[in-house]
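Here is my note on the model. Please read the points with the structure open.

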Amino acid sequence: MVPPGKKPAGEASNSNKKCKRYFNEHWKEEFTWLDFDYERKLMFCLECRQALVRNKHGKAENAFTVGTDNFQRHALLRHVTSGAHRQALAVNQGQAEGGGAYPGLVPTPTSRGIKVEVDPSKVAVLTTVYCMAKEDVPDDRCSALLELQRFNLCQALLGTEHSDHYNPRRVRDMQVAIASVLHTEDCQRLRASPYVGLVLDETRDWPESRSLALFATSVSPCDGQPATTFLGSVELQEGEATAGQLLDILQAFGVPAPKLAWLSSSLPSDRLRSVGLQLRAACPLLTELHCLPGRTDPKPPAYLGEYESILDALFRLHGGPSSHMVPELRAALDLAAIDLAGPRPVPWASVLPIVEAVAEAWPRLVPTLEAAAPASPTAGTLALALRQFTFVAFTHLLLDTLPSVQKLALVLQPEEPDLALLQPLVMATAASLQAQRCSGGARLQAFLQELAASGPDGGDSRCTYRGVELAGYCEASVRGFDRLRGAFLDSMRTGLRDSYPGPSLDAVASFAAIFDPRRYPQAPEELGAHGEGALRLLLRAFAPAVVRQRALGDFALFKRVVCSLGRLGPRALCAKLACTHSELHELFPDFATLAALALALPAGAGLLDKVGRSRELSWWGPAGGGEGRSGHVVKIAVDGPPLHEFDFALAIEFLESGWGEGLLGVATHVRRPNFFLTQPV
């Protein structure tokens, strides 16, 4: 027998996979039904295999029945919550529902009869509906896709007469059932997480309708891995969402207010302030850190909107795929991954490649637009707008301000953000904006100096820049632009402070100091004092969740143990601490708590990907036939796992039990996941 926690000398690895993984003996302690064949290098479920023997007519279609080399805890968790595993337990124990054998699992409904076998034709139809939602395919294409599969000799669909329940006209019912399975898993995941973060992202479902998309970040106590869950969206008809409404939504997923530790939002500070105050009153651990892309600064100058409208018209006129006149604009769109056909307005003034392309191509853009003016009135209007002194000066102002802002945005985009860099970059960006407020940036100053040196005498306002005559250049316009510059920079500085509050930055920096062993000092005499201030700050910030004196007493030993583990990354160390089955979790309970708080921080590629996908689907499109996408479709598209990880047997169970009770389209079995639908606020 291999000692616990050790890989069996490389023999139990899935060596045929790109990323080699190993079977972990500790899994047998957690999952009592798990067995491992060391010769075949496969994992099995004892319960499922026993049920297969008892059910002589059953088929070994379950991966854990025939054996799997998917050595991931995630696969085990998926299996233990699957309908096939629960049905196997029911067969073995002679009970109507076998889920009670494992405490902590969400009870789920079962059909009137125990079904060990799932009709492949039903799975095929549901799989089609699932893939349609994932890929944003219109609902009315379901019949054509099923027919195409029959034409391609899909065995599950050949020669099968489907009941009316599985008619493509029932696509919406199937979407509800699929979303109900995801909702069941969401409730289990969020209830098990020690702490969660709440993310609010404002979207526009229709040209005149606003809604708030809600996401939750959580931490698995089984393996310490963070996850992001799309909770749904609520329609903002009048005013804003209140703290009570947000807490009610979390409560519907089994999350009490004291577990809410982080708040992140794309809403500007003036609209979020009252909600934040109310949430902090109910959530003693709550810390705000707003790092979603697209968050607008409070009270930006009016000219910013005018400038972006000019760029929008310019790129739509000469930046499209059919344009060969100004290739720099097309290249900038490709570099910034901007889709002109997308529904959301583009924040042109916030995209550095766009501003750089306009500044570079400006001497050629103006003559090109003027040449096209006789055939296109829009081109003539744009040429005049681009000639304006204020437009060119504002472009140079953006060239000075955007680089530092973009560096800050890039810090939180990787899958494992380097939190130690956040506070220094925020401080550097604030210092850069302050310096530009006082004396102006290098690009803007060079532009103004060139104009002053080349401008004619005698009060004539005519002036050329890079061979093109500027319009509106005079002393009054220079003074007006200076006021515009001050207002714009003040708005950016205020937005920076609101997005990254000082106490929140201190907490993030303290997490990095404690949980990033790569930054520990090498000398033993220096290690003793390292992180003392950071720990005390976290103990004050999250006092209700930790025992201060115990944490201070454990800190020296904690650092020595961490150093003995090698130079782990912060994510790996925090995952070890947050895992309830690890020795570190038992040895250092307060540091395990702090690690779970750090893992729940709403940041990283996983969150940004889901927010971006939600934004893509928020606008009405072909999938909704002009009626808007169902909230269930958005849920599947954003949160749906790969096909092989989804429990279609449970989805069929939800679907047929709902039809049997006459509740078509309503999944009341799992506490009715209303928040997949847009609800008026």
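This is a predicted model: local features need pLDDT of at least 70, side-chain atom pairs count only at pLDDT 80 or more; totals for chains, interfaces and linings use all residues.

**Asp-400 and its surroundings**

1. The side chain of Asp-400 reaches the backbone nitrogen of Leu-444 at 2.9 Å. That is a polar contact: N or O atoms within 3.5 Å, one able to donate a hydrogen and the other to accept it; residues adjacent in sequence count only if both atoms are side-chain atoms.

2. Residues are numbered from 1 along each chain as its sequence is written, and side-chain values use heavy atoms, without hydrogens and water.

3. Asp-400 sits in helix H15, residues 389–411 (a DSSP run of H or I, at least four residues, numbered from the N terminus). Beyond four places in sequence, Asp-400 is in contact (heavy atoms within 4.5 Å) with Gln-436, Gly-441, Ala-442, Arg-443 and Leu-444.

4. Which side chain of opposite charge is nearest to Asp-400? Arg-443, 5.6 Å away.

5. Now confidence. Average pLDDT for the chain is 81, and 82% of the residues score at least 70. Treat two stretches separately. Over residues 1–11, pLDDT stays under 50, with 19 contacts beyond four places in sequence in the model. Residues 664–681 also stay under 50, with 59 such contacts.

Key. pLDDT is the predictor's confidence in each residue, from 0 to 100. Helices (H or I, at least four residues) and strands (E, at least two) are DSSP runs, numbered from the N terminus. Buried means under 20% relative accessible area, exposed over 50%, partly exposed in between (1.4 Å probe, protein chains only). Lys and Arg count as positive and Asp and Glu as negative; His and the chain ends are not counted. A salt bridge is a side-chain nitrogen of Lys or Arg within 4 Å of a carboxyl oxygen of Asp or Glu.
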